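Here is a protein chain to explore, one region at a time. Keep the sequence and the structure side by side as you read.

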Amino acid sequence: MFDRRSFLEYSLAVAAMSFSNLTLASGKSIRMGTLPVVSTRTAYELYGPLMAHLQKGLGLTNIVLETPPNFKSMYKRIQENGFDLLLSPPHIARLAQKRFGWHPLVMLQAEHHSVLLAQEGIGPANLEALRGGTIAVLDNSALVVMIMMEALAKKGLQVNRDFKVLETRSYESSQIAVKQGIAQAMVFRSQGFIDPNARDRLKVLFEAGTLPGYVIIAAPSTPKAQLQAFRTQLLAFAKMPEAKPLLEKLGYDGLSATSEEAMQRLDPYLEQTEARLK
């Protein structure tokens, strides 16, 4: 049996453990990964308000922002538990959940479409005019690209047979490639990333399937109380004025808690995603 002193020490230890869970390891630093679609400088400008909100709301000393150079590098870091939080493309988030136990927290809303953009006026007039040309893409393992290539194949246009693909590693670079005539079109999301003035000089040549929003996921070892605290802070941030520039840049209106139903919609892409990330 416990004597009075032992019981007191035990009670204090339990209380301390509970408090630690509720306050999310207050005073610690976490690693937050972001999408490899903009430069590091732009990433810090974009995510700065979110980082400040999370740091204050969770009582953290610091949040280290890390932007992988590409999706393969991101997936490697996922396998190594190289982040505590990660803003991920939805298909990679689902793969991380199914294969390695990562936790989906929130999904950006509303959904986008995969679109093929060309220069207004001087760009190709239709899909047939793309034969023998080049399409700029962010990354061959991006869901927006997979959906577009699948849709083009159904229209009789096969990659490496009817057109070439140029990986640019950022939407800005894809836009430059089209502007300079290096590529005749670019695969893009229906909203976000491109400055509205620049977007006005581009036309939608073709629209493909629906894209679920980006997903913020947490590392497998994250305690349940911390998962809920992360989710609560993220949802609260989405309602703040400080969130507007980030959401507008990404092309979304807000955040919602993820559902298993929404994540299951990504299952048809998992095999292809995993193969391309090897």
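The model is a predicted one.

Start in the middle. The largest nonpolar core has 90 residues. Tyr47, Leu116 and Leu152 have the most contacts inside it. Helix H5 gives this core its largest share, eight residues. Take tyrosine 47 and look around it. Setting aside residues up to four places away in sequence, tyrosine 47 touches Met32, Thr34, Leu35, Leu65, Leu87, Leu246 and Leu250.

Now move to leucine 234. Leucine 234 sits in helix H8, which spans residues 224-238. Is leucine 234 buried or exposed? The relative accessible area of leucine 234 is 2%, and buried means under 20%, so leucine 234 counts as buried. Its contacts, apart from neighbours within four places in sequence, are Leu50, Leu54, Leu105, Val106, Ile216 and Leu255. Leucine 234 and leucine 255 are 21 residues apart along the chain, yet 7.9 Å separates their C-alpha atoms.

Next comes helix H3, residues 71-79. Asparagine 70 caps its N-terminal end. There, a side-chain oxygen of asparagine 70 lies 3.2 Å from the backbone nitrogen of lysine 72. Which residues of H3 are buried? They are Phe71, Met74, Tyr75 and Ile78. Viewed down the axis of H3, these buried residues fall within an arc of 95°, so they line one face of the helix. That face has partners. The buried residues of H3 pack against strand S3 (85-88), helix H4 (90-100) and helix H11 (270-277). After H3 comes asparagine 81, with a positive phi near 55°.

H6 covers residues 171-179, and its buried residues are Tyr171, Ser174, Ala177 and Val178. Down the axis of H6, the buried residues fall within an arc of 115°, so they too line one face of their helix.

Now turn to the rings. The structure holds three aromatic pairs. One of them joins tyrosine 171 and phenylalanine 188. This pair is edge-to-face, at 4.9 Å centre to centre and with 85° between the planes. It links distant parts of the chain: tyrosine 171 is in helix H6, phenylalanine 188 is in strand S8, and they are 17 residues apart. Both residues are buried.

Another pair joins tyrosine 214 and tyrosine 252. Their ring centres are 5.7 Å apart and their planes stand at 65°, so this pair is edge-to-face. Where do the two tyrosines lie? Tyrosine 214 is in the loop between S9 and strand S10 (215-218), and tyrosine 252 is in the loop between helix H9 (244-250) and strand S11 (254-257). The pair therefore ties together parts that are 38 residues apart in sequence. Tyrosine 214 and tyrosine 252 are both buried.

Finally, look for charges over rings. The charged end of arginine 189 sits over the ring of tyrosine 214, 4.3 Å from its centre. Elsewhere, the charged end of arginine 77 sits over the ring of phenylalanine 83, 4.3 Å from the centre of that ring.

Terms used: Residues numbered from 1 in each chain as written. Predicted model: local features only at pLDDT ≥ 70, side-chain atom pairs only at ≥ 80, totals over all residues. Heavy atoms only, no water. Buried < 20%, exposed > 50% of the residue type's maximum accessible area, 1.4 Å probe, protein only. Helix = DSSP H or I, 4+ residues; strand = E, 2+ residues; numbered from the N terminus. Arc of directions from axis to C-beta. Phe/Tyr/Trp six-rings, centres within 6.5 Å; stacked < 30°, edge-to-face > 60°. Lys NZ or Arg CZ within 6 Å of the ring centre and 35° of its normal. Core = buried A, V, L, I, M, F, W, Y, C linked by side-chain atoms within 4.5 Å. Contact = heavy atoms within 4.5 Å. Polar contact = N/O pair within 3.5 Å; in protein donor to acceptor, adjacent residues only side chain to side chain.
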